[in-house]
Amino acid sequence: MSLLSIPPSMAAQSPSPDPDFPFRAWYGNIQYLLNISAAGAASCVLLFLLVKLRYDHRRFPGPSALAAKLLAVYHATPAQIALHCGADAAQFLIVERASFFVLLAVSLIALFASFPLNLSGSVPLADPFARTTISHIHDGSPILWLHFLLAAIIVAVSHLGISRMEDDLRITRFRDGNGNPSDPNSSSIAIFTMMVQGIPRSLASNKAPLEEYLQHRYPGKVYRVVVPFDLCTLEYLTSRWTKLQNEISWLEARMDSQSMLNEEDNDDHESSQIYEHPLLRKAKEMWATLAVKLGFTEEERLRKLHNLKLVLQNKLLDYKEGRAQGSGIAFVVFKDVYTANKAVRDLRSERSRRSIGQFVSVMELQLGQSRWRVERAPPAVDIYWNHLGLSKLSLRLRKVAVNTCLLLMLLFFSSPLAVINAMSSAARIINAEAVDHAHTWLTWLEGSSWFGALILQFLPNVLIFVSLYIVIPSALSYLSKFECHLTVSGEQRSAMLKMVCFFLVNLILLRAMVESSLENAILRMGRCYLDGEDCKQIEQYISASFLSRSCLDTLAFLITSTFLGISFDLLAPVPWMKNILKKFRKNDMVQLVPEQIVENTVEQNDEVGNLRMPLVSEREGSLDLHDLEVHDLSEYPINRSFHTPKQTFDFAQYYAFNLTIFALTMIYSLFAPLVVPVGAIYFGYRYMVDKYNFLFVYRARGFPAGNDGKLMDRVLCIMHFCVVLFLLSMLFFFSVRGDSTKLQAILTLGLLFVYKMLPSRSDAGRPSLLEGIQTVDSFVDGPTDYEVFSNTDFNWDIYESQS
């Protein structure tokens with residue numbers, strides 16, 4: 001019988017052998033889950049090969065063309081993906097590739113070192129899977145010293161892998177952490193730009209004082225100063241103006257039609273008044289008089305709309321003539337990178353060193369220099385320009401509301417099981433007899449047939465998977481958007497952090513504690529340690545049966561995520577179905593009109609020529625792989641359009657889920673060595689699937705090949721935190737089941753401090769690069785990106801014609 005043929009429900013049973021064990025353990029076991037997952041994965045792959053490829057490439061490729069496409073996906077480098085799919089896609093794939101190599105090395109350590117050590121234990125366990133875990137080793141056994149050594153090796157391997165990944169990520173950043181350009185050929189003006197928040201709003205109409213102050217501090221080094229207007233208010237005014245124009249037009253048309261009908265029916269109305277009751281006629285006259293006095297008539301409503309139109313017209317006129325309030329933000333473009341970095345350091349250090357009562361100049365008082373918040377400017381395409389101008393009070397209230405909602409969700413609705421338990425408790429209050437009957441039916445279903453085992457073993461993982469993939473990410477993404485961040489990367493970092501918190505609570509903390517919500521866990525721990533009850537709640541989580549069950553549940557979830565989740569992503573069903581629905585929405589008249597095809601010029605680049613993108617060969621049916629035809633990337637042209645298109649791939653959600661899988665695999669790497677190869681397969685499989693999807697499904701022309709890397713900094717921080725979680729789990733284990741002197745726990749704590757003190761490979765400034773960098777004058781021709789995006793794009797011609 002296989003080692004993986006034990007159901008999780010039997011992991012906590014008595015270790016005494018059972019002669020009927022092989023027959024009762026067949027349904028609902030891990031092997032059964034493996035069979036179902038493999039069948040689902042094979043079905044998705046066949047659907048991809050037979051249907052999806054034809055949709056992605058307009059016609060079904062032959063065997064040679066199919067092999068060429070898949071080989072091109074395999075050989076595409078991160079630099080080429082950054083050039084043709086954007087920096088976000090390249091960074092995502094680099095993280096997945098690095099995670100795969102790290103977990104591959106850890107899996108080798110786990111399988112060839114930890115796995116034999118666990119099997120050599122002597123704790124009597126009837127569960128074959130439990131004998132592969134660390135639970136098979138006696139408390140205080142000398143073998144645990146070898147596990148401590150393996151933990152140190154795993155930490156070293158993880159640190160080296162993450163540091164290597166930081167080096168690989170440099171090619172996708174136009175600026176390092178110190179503000180220096182990572183690529184000498186970078187053409188982003190953001191490396192020369194400083195963003196200042198907290199300036200007086202009146203500077204938008206007259207920025208001369210700010211320019212004079214900066215020119216005085218850095219003479220001859222300031223290229224341009226951009227002070228945007230309050231674009232948030234402008235967006236509201238323009239949308240309100242459009243709605244008001246529609247309301248006025250609709251009301252005038254309605255009044256004209258009613259006047260024409262009244263003239264036609266005037267004679268009929270006079271004849272009908274002869275037979276009308278006097279009281280009814282008097283009531284109508286009184287209501288008409290009252291409506292005129294209260295302003296309920298359509299004439300009065302039209303007058304109010306015209307008055308409101310005049311108010312909006314005056315406010316819009318302020319924007320047109322440059323008298324409107326500013327957003328409180330300025331973008332200062334310097335002529336070289338050195339001055340930009342120096343200005344950021346100077347203004348930051350002045351604010352930190354400034355003491356109360358220190359003398360400041362009159363100009364600094366007028367500019368409110370003590371309230372400035374200075375940082376390196378994000379790229380213009382990364383900014384939500386319609387959020388410029390939101391007040392600090394509004395932003396703080398939004399964040400307080402979102403964090404309060406997030407805390408309540410974490411405490412009471414952190415998992416699908418918590419919601420089901422809450423619904424069950426509410427149903428028991430309403431009708432307890434019906435709930436008892438439902439529990440009886442579920443108990444019968446559990447032992448009746450294979451269908452019951454399928455529901456109890458397979459569908460719960462699918463339920464958690466769907467909730468983590470659809471429900472929770474959608475809710476957290478909406479909460480992050482509600483916070484109205486200044487940049488897209490800031491919104492992504494916020495959403496990713498919220499999702500990581502939810503995933504870690506669901507898949508690690510609650511799964512390890514076998515609890516449905518944080519509320520139940522806190523209450524149970526409180527009863528043990530606050531109410532003075534004599535219990536060993538913490539020690540229970542490291543017991544043999546409890547730890548084996550937790551490891552088996554984790555393995556089951558990783559199998560489901562690897563074989564079913566990634567295979568489902570291979571089909572990319574959401575964009576596929578959206579495009580199919582668009583085709584069905586076209587009517588016959590629309591189909592008669594040919595679609596417009598945007599012709600894009602292809603930039604000649606030496607790096608482009610290295611990427612050979614195989615397309616559908618004219619010889620589709622050819623089976624000769626020696627004459628394999630490949631085509632240039634010119635078939636997939638690059639569009640250097642100024643306005644960046646909307647990204648359809650949810651990076652925050654997939655980053656959060658991948659980081660959770662990485663943390664889950666790292667934590668259980670020594671507890672259950674069989675978990676680690678599944679985690680490595682997950683990242684290897686996902687890397688190839690996402691690489692194909694970026695090149696052929698989610699690809700949109702116009703994304704920049706470099707960004708500021710702030711999202712990557714957050715991802716790297718969380719990956720280091722995953723290693724810390726691994727050390728904390730080992731510290732917890734050694735403190736409970738280690739040697740009697742707690743020396744293993746003390747050394748693990750020391751290893752944790754050593755890891756936190758290890759230097760990361762932060763990008764340092766390279767003087768040789770700075771000496772050869774071009775100034776901003778050499779590649780800026782005309783207005784800068786910040787000036788173009790901050791311009792009021794309201795159609796003033798239409799506005800003047802309607803006013």
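Is Ser158 buried or exposed, and what is its relative accessible area? Some notes on this predicted model follow, starting from that residue.

1. **Ground rules.** Residue numbers start from 1 along each chain as its sequence is written, and side-chain values use heavy atoms, with hydrogens and water left out. As this is a predicted model, local features need pLDDT of at least 70 and side-chain atom pairs count only at pLDDT 80 or more, while totals for chains, interfaces and linings use all residues.

2. **Ser158.** To settle the opening question: Ser158 is buried, with a relative accessible area of 0% (buried means under 20% relative accessible area, exposed over 50%, partly exposed in between, with a 1.4 Å probe and protein chains only). Ser158 sits in helix H6. Setting aside neighbours within four places in sequence, Ser158 is in contact with Val102, Val106, Met666 and Val723; contact here means heavy atoms within 4.5 Å.

3. **The overall picture.** The protein has 32 helices and 6 strands, where helices (H or I, at least four residues) and strands (E, at least two) are DSSP runs numbered from the N terminus. Of its 803 residues, 47% count as buried. Take the contacts between residues at least 6 apart in sequence: 82% of them join residues at least 24 apart.

4. **H6 against H5.** Helix H5 (residues 87-119) and helix H6 (residues 143-168) have axes 9 Å apart and pack at an angle of about 165 degrees. Axes are lines fitted to C-alpha atoms, for helices over the stretch in contact, and angles run from 0 to 180 degrees between N-to-C directions. H5 and H6 are therefore roughly antiparallel to each other (the cut-offs are under 35 degrees for roughly parallel, over 145 for roughly antiparallel, 65 to 115 for roughly perpendicular, and oblique for the rest). The crossing is right-handed, that is, the near helix is turned clockwise from the far one by less than a right angle. On the H5 side the meeting residues include Val102, Val106 and Ile109, and on the H6 side they include Ile154, Ser158 and Met165.

5. **H6 against H29.** Helix H29 (residues 743-757) also packs on H6, with axes that come within 11 Å and cross at roughly 10 degrees. H6 and H29 are therefore roughly parallel to each other. Among the H6 residues that meet H29 are Trp145, Phe148 and His159, and among their H29 counterparts are Leu747, Leu751 and Tyr755.

6. **Nonpolar cores.** The largest core has 120 residues, of which Met165, Met496, Tyr655, Phe694 and Phe726 touch the most other members. A nonpolar core is a set of buried Ala, Val, Leu, Ile, Met, Phe, Trp, Tyr and Cys residues joined through side-chain atoms within 4.5 Å. Helix H28 (residues 710-737) gives the most to this core, with 16 residues. A second, separate core of 57 residues includes Met195, Val222, Tyr223 and Leu305.

7. Four strands form an open antiparallel sheet in the order S2-S3-S1-S4. S2 (222-226) and S4 are the edge strands, each with a single partner strand, so one side of each is left without a neighbour in the sheet. Neighbouring strands are turned by 20 degrees against each other on average, direction ignored. Two strands pair if DSSP finds at least two bridges between them. S1 (residues 193-197) is joined to S3 (residues 329-334) by 5 bridges, and to S4 (residues 373-376) by 4 bridges; S2 and S3 also pair over 4 bridges. For orientation, Met194 stands opposite Val332 in S3 and has Arg376 as its bridge partner in S4, while Val222 stands opposite Phe334.

8. **Covered on both sides.** In a regular strand the side chains alternate between the two faces of the sheet. In S1, Thr193, Met195 and Gln197 on one side and Met194 and Val196 on the other are all buried. For S3, 6 of the 6 residues are buried, so this strand is largely enclosed by the rest of the structure. Helix H7 (residues 208-217) lies across S2 and S3, running at about 155 degrees to S2.
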